[in-house]
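This report describes how some parts of one protein model are arranged. Please look over the sequence and the structure before reading on.

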Amino acid sequence: MAMFRRSLADMVRGIRANKKDEHKFIMKAIQEIKEEVKMPGKGAKVVAIQKLTYLHMLGYDMTWAAFNMIEVMSQESFGAKRIGYLAASQCFNEHTEVIMLATNLLKRDITSVNEYETGIALNALANICTPDLAQDLAADTLALVTSSRPYVRKKATLVLYKIFLRFPQALRPSFPRLKEKLEDPDPAVVSAAVNVICELARKNPKNYLPLAPIFFKLLTTSNNNWMLIKIIKLMGALTPLEKRLAKKLVAPLTDIMNSTPAMSLLYECINTCTVGLSEFTNVIRLCIAKLRLFIEDSDQNLKYLGLLALYNIMKTHPKAVLEHRDMVIFCLDDEDITIRQRALDLLTGMVTRRNLMEIIGKLMDKLDEAEGPYRDDLVRKVIEICSQDNYKYITDFEWYINVLMELTHIGRTAHGALIREQFMDVCIRVQVTRPYGVSSMITLLKDPRMVGENPEAGGMCEVLYAAAYIIGEFGSGSKQPKIVLEYLLQPLAASLPNHVQAVFVHNSLKVAAAAIKRQPAAAADILALMKARLPAFSHSTYLEVQERACLLLECVTLMENSPTPDVLAGELVAVFAEALNPVAAKAQKKVPVPAGVDLDAQINSPPPSDDEEDLYRRDDDDEGGDFWEGDRDEERRREKEWKKPKLSREEKRRQREQRKQRVASNPYYLGDSPVVRPEGLSEDEGEYGEVETLTADMLDMDGPLPPMEVDGRRG
């Protein structure tokens, strides 16, 4: 039996000694524990549960010994109880079947004269509390709140929070006693009560607004930093509900910020001032000054919190944080990427018309050293800063086009489409920049890196979409149209994404038409160039590219065969000459429907179907209840059915004869055997009759089958 009495220390030494085969040793130890819990001695069970608790921390299951834990918890020895309650706290949950056996045991130990037994029972209740346990033990726990022992009062007060979560009905009758604990003579009990109420107030702070005077008194008298943090958090939630409270908090929060050395308490004061005291400028300035201590600290966590709090203040006081611009830019060189990203977010609110170029210049310098996702964040932030509020801070759009041109030199970025949209937006909306934009786009079109490097959708090749569009739309006065056409129709363009190729082909028509109209003598060279380059696109696997290239080839052929190609080119130019005004996405919905127009009505009646199967499917009936199915309206995405007009018997007979004649004259139709009409069934009732004409003898499946004829013989 000695082998079954291995102690916890022996087992730990054995695990350390069997590093190569640890799992095998532990499984053997578990088998020993299963034998030990069956032994009659109380000590063996205690040691077994103690070892099992250690193994549970290593990831091994111990729920199979739940009943044995109850046995250890029920022992009289305090040491055994402590081990049993610890094991139960680790593995018991709402689905543990034997947890109901612990109700009376917990009730007995909670009311024990030994305060330490009461303490371990309350600790276990906080961990394993279920709705049933909370309901059964709520009254006993509430009674302990008024205990003469501070240790028990503190424990009971804290456990009330878990009971309220599991059994909310206990909150209302228990709240008066919980409120009394805010004025308890013991600071630990007061701290416990503050913690419980602050956690409860997170869901609905309004219900706890009457407690503001008590909390304000604690705020001005307590020296417990952790309790002050909780109170300040609660005050931050209450100040938006009661404006007068904010004015009263100015003095105590200012005193705490000026005197406390605790950074955690200082940060909570700043957060509360940001949320509820934003109207007091002097308090906000003090917060910003204190945040500088966070940002300049060597601790990365404090630096991050400082930048985060400064960003929150910037939302309400953007001008107040401008003085820390250099410090924020310095954080862009930090090793921690999260700090660099927070600094980038702050720069957005620090921009003015005076410092925009300076800030963007520093960000562009950082781009040369940045790598990976952070480089993409820098590109996005540069564009976001410049384009915010409809380019509010930009005074020179040619400078912005140069910035975008520099961004195109960054390889392997995920923001090619974003840069493309900026090029197009600036050139379309700012007319004075169009000539400079066209010259920049021609430079971009000549850059071999745009086509050769990363020719994938979303890459930097996306800017070629904007280049082709801007040149075709606003570059009618280009002095080198043939060179532009050579780059638009270059063979390497076939490797670009399909939507970029389509824009290349389409805008080459605009460039060629404008050049031929302006210089008729150059028509032959331009048309020859296009005729030589377009076939590569007309055989593209992309339908849109192929369609546009074929259209351009027809236009080229037409102009080649015309004695006046410049006239045809002028007509093409006139097609694209109309101004391109922006239209809101929902503008069509604002157009009123003219009087008397029914948008849901069918304009034309659908033609009758000639499909033979359809004719057979629409069999005749006396009610004339067939339906003609209308075409699907793609704009409204719903189907309509149209009722077939009622036909007379003569019309039905005539249609039937016409159908039979078509069938007889069709050599590909596989004919049927002659139809044998049931006796007494009129011809007008159709070849198969109506459902009402079926009788019981027709559906008799129990009688013998009629003889069948196979190959001229009866079977």
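This is a predicted model: local features need pLDDT of at least 70, side-chain atom pairs count only at pLDDT 80 or more; totals for chains, interfaces and linings use all residues.

## Helices H7 and H9

Two packed helices are described by the angle between their axes and the distance between the axes. Helix H7 covers residues 115–128, and helix H9 covers residues 150–166. Their axes come within 9 Å and cross at roughly 15°. Angles under 35 degrees count as roughly parallel, so H7 is roughly parallel to H9. The crossing of these two helices is left-handed.

Which residues make the contact between H7 and H9? On the H7 side they are Glu115, Tyr116, Thr118, Gly119, Leu122, Asn123, Leu125, Ala126 and Asn127. On the H9 side they are Tyr151, Val152, Lys155, Ala156, Val159, Lys162 and Ile163. Sorted by class, the residues of this contact are 9 nonpolar, 4 polar and 3 charged.

## Helices H23 and H26

Helix H23 runs over residues 416–429, and helix H26 over residues 463–474. H23 and H26 pack at an angle of about 20°, and their axes are 7 Å apart. That angle makes H23 roughly parallel to H26. H23 passes H26 in a right-handed crossing.

From H23, the contact involves Gly416, Ile419, Arg420, Phe423, Met424, Cys427 and Ile428. From H26, it involves Val463, Tyr465, Ala466, Tyr469, Ile470 and Phe474. The residues of the contact of H23 with H26 comprise 11 nonpolar, 1 polar and 1 charged.

## Helices H26 and H28

H26 also packs against helix H28: the axes of the two come within 8 Å and cross at roughly 15°. Helix H28 spans residues 498–518. The crossing angle makes H26 roughly parallel to H28. How is the crossing of H26 and H28 handed, left or right? H26 passes H28 in a left-handed crossing.

In this contact, H26 supplies Leu464, Tyr465, Ala468, Tyr469, Ile471, Gly472 and Glu473. They meet His499, Val500, Val503, Phe504, Asn507, Lys510 and Val511 of H28. By class, the contact of H26 with H28 has 9 nonpolar, 3 polar and 2 charged residues. Tyr465 and Tyr469 of H26 are listed in the contact with H23 and also in the contact with H28.

## The largest pocket

How much space lies in the largest pocket? The volume is about 430 Å³. Of the 14 residues that line this pocket, the closest to its centre are Leu171, Phe175, Leu200, Asn207 and Tyr208.

Helix H9, described above as a partner of H7, is one of the elements that give two or more residues to this lining. The others are helix H10 (171–180) and helix H11 (187–201). The lining of the largest pocket divides into 8 nonpolar, 2 polar and 4 charged residues.

## The second largest pocket

The second largest pocket has a volume of about 350 Å³. It is lined by 20 residues, and those closest to its centre are Glu473, Phe474, Phe576, Ala577 and Glu578. Glu473 is also listed in the contact of H26 with H28, and Phe474 in the contact of H23 with H26.

Which elements give two or more residues to the lining of the second largest pocket? They are H23, H26, H28 and helix H32 (565–576). By class, this lining has 11 nonpolar, 4 polar and 5 charged residues.

## Cavities

The structure holds 2 cavities of 30 Å³ or more. The second largest cavity contains about 30 Å³ of space. Its lining is made of Gly475, Ser476, Ser478, Pro481, Val511, Ala514, Ala515 and Arg518.

Helix H28 gives the largest share of this lining, with 4 residues. The lining of the second largest cavity has 4 nonpolar, 3 polar and 1 charged residues.

## Leu308

Leu308 lies in helix H17, which covers residues 300–316. Not counting residues up to four places away in sequence, Leu308 touches Tyr267 and Arg342.

Leu308 can also be compared with Leu291, which is 17 residues away along the chain. The C-alpha atoms of Leu308 and Leu291 are separated by 9.7 Å.

Technical notes
Residues are numbered from 1 along each chain as its sequence is written. Side-chain values use heavy atoms; hydrogens and water are left out. Contact means heavy atoms within 4.5 Å. Axes are lines fitted to C-alpha atoms, for helices over the stretch in contact, and angles run from 0 to 180 degrees between N-to-C directions. Angles under 35 degrees count as roughly parallel, over 145 as roughly antiparallel, 65 to 115 as roughly perpendicular and the rest as oblique. A crossing is left-handed if the near helix is turned anticlockwise from the far one by less than a right angle, and right-handed if clockwise. Ala, Val, Leu, Ile, Met, Phe, Trp, Tyr, Cys and Pro count as nonpolar, Asp, Glu, Lys and Arg as charged, and the others, Gly among them, as polar. On a 1 Å grid over the protein atoms alone, a cavity is a set of points where a 1.4 Å probe fits but cannot get out, and a pocket is an open set with protein on both sides within 12 Å along at least five of seven lines; lining residues have an atom within 4 Å of a point. Grid points are joined across faces, edges and corners, and a volume is the space filled by probe spheres set on the points.
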